[in-house]
Amino acid sequence: MKFGFDIDDTLINLREHAFHLYNKKLKQTVELDVFQNISRVEIHEAFGLTDDEGKEMWNSSLEEIYYTSCPIFPGAVKALQALVNAGHEVYYITARPKEHGERTKAWMKQQGFPVDDKRFFYGMQDEEKLDIIKELELDYYVDDKPAVLDTLVNGSTKVYVKDQSYNRHLQDIPRIVDWTAFINTILNNNE
Ligand SMILES: [Mg+2]
């Protein structure tokens with residue numbers, strides 16, 4: 001089987017990592033529970049920034065956000081390793097900008113994710129992920145972003161949503177809260 005994964009906020013806890021960096025950089029002390037209740041993907045509102053200021057803040061912080069010690073969701077590395085060990089193919093499909101693609105790939109390898117260079121895609125827009133997913137004929141795909149998931153619900157790929165505060169309205173898509181539980185179910189179903 002072919003399994004595709006988004007990276008940010010699906011496999012790694014990037015927004016929360018950025019949240020802590022923003023607090024430091026902006027010398028603020030926004031509490032974690034405020035962050036955990038944000039109903040959109042962007043995090044700047046919690047810091048009193050406008051959308052334009054938020055975009056500027058995000059883009060100027062990318063280096064730090066991407067390549068410092070962003071935590072991985074518990075069980076995510078093991079889950080993907082288990083898929084490869086069971087003979088499945090693992091693909092990564094991230095909308096991170098092109099100029100960050102190769103470094104991101106190296107970073108993912110460093111974290112222990114099983115990465116095959118030919119199965120790592122980046123630099124597309126959110127709504128273009130659909131084309132790659134179709135072309136690769138993925139059996140499964142996991143993402144956190146409503147804008148991406150909305151484009152995939154009627155396709156032949158089985159879609160899962162990684163649980164986040166801003167995607168809880170997507171009630172018809174199976175939800176991953178815990179990577180270990182997910183992988184146990186998948187491996188049992190595909191023996
Ligand atoms: Mg994502």
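Helices here are DSSP runs of H or I with at least four residues, strands are runs of E with at least two, and both are numbered from the N terminus. With that in hand, trace the cartoon along the sequence and you'll read β-α-α-α-α-β-α-β-α-β-α-β-β-α. That makes 8 helices and 6 strands.

Two bits of housekeeping before you click around. Residues are numbered from 1 along each chain as its sequence is written. You're looking at a predicted model, where local features need pLDDT of at least 70, side-chain atom pairs count only at pLDDT 80 or more, and totals for chains, interfaces and linings use all residues.

**Zoom out**

For 191 residues a compact globule would come out near 16 Å, and the protein has 16 Å, so the two agree.

Next, colour by burial. A residue is buried if 20 or more other C-beta atoms lie within 10 Å of its own, exposed if 12 or fewer, and partly exposed in between, with C-beta atoms placed from the backbone. Buried residues make up 28% of the 191. Among contacts between residues at least 6 apart in sequence, 60% join residues at least 24 apart.

**Two domains**

Select 2-10 + 73-189 for domain 1 and 14-67 for domain 2; the bounds come from an automatic or database domain assignment. Their C-alpha centres lie 23 Å apart. Where they meet, 9 residues of domain 1 are in contact with 10 residues of domain 2. Sorted by class, the domain 1 side of that meeting has 2 nonpolar, 3 polar and 4 charged residues. (Nonpolar covers Ala, Val, Leu, Ile, Met, Phe, Trp, Tyr, Cys and Pro; charged covers Asp, Glu, Lys and Arg; the others, Gly among them, are polar.)

**The annotated aspartates**

Now pick Asp6 and Asp8, which an unreviewed UniProt entry annotates as "active site". UniProt positions follow the numbering used here, feature names are shortened, and annotations may be inferred rather than shown by experiment.

Asp6 is in the loop between β1 (2-5) and α1 (14-25), and Asp8 is also in the loop between β1 and α1. Why does Asp6 count as buried? Because it has 23 C-beta neighbours inside 10 Å. Asp8 has 22, so it counts as buried too. Leaving out residues up to four places away in sequence, Asp6 touches Ile93, Thr94, Val142, Asp143 and Asp144. On the same terms, Asp8 is in contact with Leu14 and Thr94.

Select 179-189, helix α8, and highlight its buried residues Trp179, Ile183 and Ile186. Look down the axis: they fall within an arc of 65°, so they line one face of the helix. (The arc is that of the directions from the helix axis to the C-beta atoms.) They pack against α4 (76-85) and β6 (175-176).

Repeat with α5 (101-110), where Thr104, Lys105 and Met108 are buried. They cover an arc of only 105°, which puts them on the same side of α5. Their packing partners are α3 (51-67), β2 (89-94) and β3. The face turned away carries exposed Glu102, Ala106 and Gln110. After α5 comes Gly112, with a positive phi near 100°.

Most residues other than glycine have a negative phi. Click Lys27 and you get a positive phi near 50°. Lys27 lies in the loop between α1 and α2 (32-36) and is exposed, with 6 other C-beta atoms within 10 Å. Then try Glu137, where phi is positive at about 55°. Glu137 is found in the loop between α6 and β4 (140-143), and with 9 C-beta neighbours inside 10 Å it counts as exposed.

Definitions and conventions. Contact = placed C-beta atoms within 7 Å. Rg over C-alpha atoms; globule rule 2.2 N^0.38 Å.
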